Amino acid sequence: MPHSSSLERLRDGNRRAITALLAVEGPMSRANLVRGSGLSRTTVSSLVGELIAAGHVVETSDRGRPHKGGSGRPPLLVALVSPGGGVAGVDIGHRHVRVAVADRRGVVLTEQSEAVDVDEDGVAALDRAARMVRQGLQAVGLPASDLAAAGMCVPAPLDRRSARVRTGILPGWREISPAEELHRRLGVPVFADNDANLGALAELGHGAARGASDVVYVKVASGLGAGIVLGGRLHRGASGIAGELGHVQVGEDGQVCRCGNRGCLETLVSAPRLLALLQPAYDEELSVERVLELEQSGDAGVRRVLSDGGRAVGRALADLCNSLNPEVVVVGGSLGASASLHDGIRSSVERYAQPDTAAVLRIVPGELGDRAEVVGAVSLAIARISV
Ligand SMILES: [Zn+2]
């Protein structure tokens, strides 16, 4: 699985290189795409075929200037389909700002990520994000006036009515409405949502849940949450907090949770929680990356803890699946790539969900990794301006 997903990522990168080249240079022949991208003829030809099939590029012989060389038929050119300018996706994490500029179909033309201590100073992070959007537009040759909207991911729950970050979680963000602030800097409509909802949109449009219409996206990272897609649309609920899988109660007398309840699933399963469980048994300081390496190398303790965590998530997920009957559960977040976690989830769902529910359900790892939020932010911007 890691093998095929890294190939997929490489292919995604190559596809973006082709679309970025077309965005900057305008229509090009395949031969010039080979020269410009440094990719092989075969790769370019197969990527262009895919992009044509997906409707992202078209073949045209009209390039408005004479064919160099003078004789013979001009080669067919490949042109980017980009109706009505572009959109931006902004992912503000706790430690990074990632920005993508995409065309109106969601093809990412350019993307960059910078390490920033986001939590301390919301205003500085938003300044940085706006600057990165302008740089991205410049890099793909889109004038700022062609930016239609931006979507953004905020690393904290948003109150749907006030659009402000709920107080107490991010000290440097108090009294800030992130979407309004970014709107003021970019001059276009900005739509914000949380990471699990955007991860669900991203995997639905561009990742592991492509083609499905009923999807649960589970994010296992610094917290635990879910994004729910029903009938092809994100289900946010009455006040925007649907999918709080992390706060399903799994033990009456468990630890007190940051939400104020006791024994929430998130107090048992989250990256910090699992690291804390493992740490006493290891001399080195553990990180999520290191834990995943240890898992791959067959470390029994790591595998056990991840698979127990997966089973606890699967137990709560089984009830959700009984209620919603989804086609796909996508497991994302920094621990989403763990095979032990995945196997634990699967075994619990198979055990506790109704057989008919489990029979139609696929449980798969996310394909977009740490790009899920920014890709989801692009999808959100497109969805909102296409209504
Ligand atoms: Zn809770």
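Biologist: What makes strand E4 and strand E7 a pair, and in which sense do they run, parallel or antiparallel?

Modeller: Two strands pair if DSSP finds at least two bridges between them. Strand E4 (residues 86-92) and strand E7 (residues 147-153) have six bridges, in the parallel sense. Valine 87 stands opposite alanine 149 in E7. Strands here are DSSP runs of at least two residues (E), helices runs of at least four (H or I), and both are numbered from the N terminus.

This is a predicted model, where local features need pLDDT of at least 70, side-chain atom pairs count only at pLDDT 80 or more, and totals for chains, interfaces and linings use all residues. Residues are numbered from 1 along each chain as its sequence is written, and side-chain values use heavy atoms, without hydrogens and water.

Biologist: Why do strand E6 and strand E8 count as edges?

Modeller: The open sheet has five strands in the order E6-E5-E4-E7-E8, with mixed pairing. Strand E6 (108-115) and strand E8 (190-193) each have a single partner strand, so one side of each lacks a neighbour in the sheet. The twist averages 15 degrees from one strand to the next.

Biologist: Which strands does helix H12 touch?

Modeller: Helix H12 (residues 372-385) touches E4, E5, E6, E7 and E8. Contact means heavy atoms within 4.5 Å. The direction of H12 makes about 135 degrees with that of E4. Axes are lines fitted to C-alpha atoms, for helices over the stretch in contact, and angles run from 0 to 180 degrees between N-to-C directions.

Biologist: How do you know which residues are donors of the zinc ion?

Modeller: A donor is an N, O or S atom within 2.8 Å of the metal (3.2 Å for Na, K and Ca); water is not among the atoms, so sites may look incomplete. His247 (ND1), Cys257 (SG), Cys259 (SG) and Cys264 (SG) lie 1.9 to 2.3 Å from the zinc ion. They qualify as its protein donors.

Biologist: Why is the site of the zinc ion called tetrahedral?

Modeller: Four donors count as tetrahedral if all angles lie between 85 and 135 degrees. The angles among the four donor atoms are 104 to 120 degrees, so the site is tetrahedral.

Biologist: Is threonine 19 buried or exposed?

Modeller: Buried means under 20% relative accessible area, exposed over 50%, partly exposed in between (1.4 Å probe, protein chains only). Threonine 19 has 1%, so threonine 19 counts as buried. Cysteine 259, at 40%, is partly exposed.

Key:
Tetrahedral: all angles 85-135°; square planar, octahedral: opposite > 155°, others 65-115°.
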